[in-house]
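Visitor: I am new to protein structures. Could you take me through this one, step by step?

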Amino acid sequence: MQVTKTVEETRKQIKQWKKEGKTIGLVPTMGFLHEGHASLIRKCREQNDIVVVSDFVNPTQFGPNEDLEAYPRDFERDSKLCESLGADLIFAPSPEDMYHDPHAFVSIDTLSETLCGKTRPIHFKGVCTVVTKLFHIVAPDRAYFGEKDAQQLAIIRKMVKDLNFDIEIVGCPIVREEDGLAKSSRNTYLNDKERQAALCLSRAVKTGKEVIYTGADAKEVLNPMKAIIEAEPLARIDYVMMVDALTMQPIEKADRDVLVAMAVYIGKTRLIDNFSYGV
């Protein structure tokens, strides 16, 4: 497995693989890899000749008071995991190599204005910009994203369609701990009490899945979910919403494909979870 640190050396290797007619899959990550990332890498390994994992904590998707500096990093551990899963290359650039006095950004309207976009207004502009850059650098045939970040996945799909990227976007299911908590790098911020409290998210998801039906009012689904979270003293709701699965806009009834998504603060740590319902 190779490790590249610059755009230039990464492009050089990609061109060589392309010349050899190899298919390339990209798994974009911010590092501190867990089993959720591993599932993306495995799927990528199954479907492509070459597996590229990017390992980059992207500064442009963090707001001024967010956890950029505190975000967990362990490149040595990431490398070992990637190698054990059969990755061919890890691209681990510095912020300086990715951004040179930037004035060009990629942003998407409408889809990025609800859910996480409402409380993290610059987040998806940063995500779309870095993903676009990675697509240009790695030129993958396929790229892999987790369904835990469902709004991000919908935005990337729309961006790829609107900007005519010739890339297949592959969504992979949420991976959970044995007790149901969705795997997340931010779970490491939780102390023991908070870790227990965080289970209210997956319990709410389970309840939502049980009560939803075609044509159900949003309140019928969301109210029992909110009740579970509000019963947990350490939890504070950012949002619990039902949105159109394509546009990410709030809807009143489950009369089309929907995403039911939440963001909840457990202590100071913001966690997300969701489920989809197809009509």
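Visitor: Which backbone nitrogen does the side chain of Asp257 reach?

Guide: First, some ground rules: this is a predicted model, where local features need pLDDT of at least 70, side-chain atom pairs count only at pLDDT 80 or more, and totals for chains, interfaces and linings use all residues. Residues are numbered from 1 along each chain as its sequence is written, and side-chain values use heavy atoms, with hydrogens and water left out. A polar contact is a pair of N or O atoms within 3.5 Å; within protein, one must be able to donate a hydrogen and the other to accept it, and residues adjacent in sequence count only if both atoms are side-chain atoms. At 2.8 Å, the side chain of Asp257 reaches the backbone nitrogen of Val279.

Visitor: Is Asp257 buried, partly exposed or exposed?

Guide: Asp257 sits in the loop between β7 (235-244) and β8 (258-266). Strands (E, at least two residues) and helices (H or I, at least four) are DSSP runs, numbered from the N terminus. Buried means under 20% relative accessible area, exposed over 50%, and partly exposed in between (1.4 Å probe, protein chains only). The relative accessible area of Asp257 is 42%, so Asp257 is partly exposed.

Visitor: Which backbone oxygen lies 2.7 Å from a polar atom of the side chain of Lys18?

Guide: Lys18 belongs to helix α1 (residues 7-19). Contact means heavy atoms within 4.5 Å. Leaving aside neighbours within four places in sequence, Lys18 is in contact with Ile24, Ala139 and Asp141. The backbone oxygen at 2.7 Å is that of Ala139.

Visitor: Why does Lys18 count as partly exposed?

Guide: Look at the accessibility of Lys18. Lys18 counts as partly exposed because its relative accessibility is 34%.

Visitor: Which residues does UniProt list for "binding site", and why do they gather at one spot?

Guide: UniProt positions are given in the numbering used here, feature names are shortened, and annotations may be inferred rather than shown by experiment. The record, an unreviewed entry, lists Gln61 and Gln152.

Visitor: Which side chain joins that of Gln61 in a polar contact of 2.9 Å?

Guide: Gln61 is in the loop between β3 (50-55) and α3 (75-84). With a relative accessible area of 9%, Gln61 is buried. Beyond four places in sequence, Gln61 touches several residues, among them Met30, Arg120 and Val127. The polar contact of 2.9 Å is with the side chain of Asn58.

Visitor: Is Gln152 buried or exposed?

Guide: Gln152 is found in helix α7. Not counting residues up to four places away in sequence, Gln152 touches Phe124, Val127 and Phe145. The relative accessible area of Gln152 is 18%, so Gln152 is buried.

Visitor: How does α6 lie to α7: parallel, perpendicular or oblique?

Guide: Axes are lines fitted to C-alpha atoms, for helices over the stretch in contact, and angles run from 0 to 180 degrees between N-to-C directions. The axes of α6 (residues 123-138) and α7 (residues 150-162) come within 11 Å and cross at roughly 55°. Angles under 35 degrees count as roughly parallel, over 145 as roughly antiparallel, 65 to 115 as roughly perpendicular and the rest as oblique. That makes α6 and α7 oblique.
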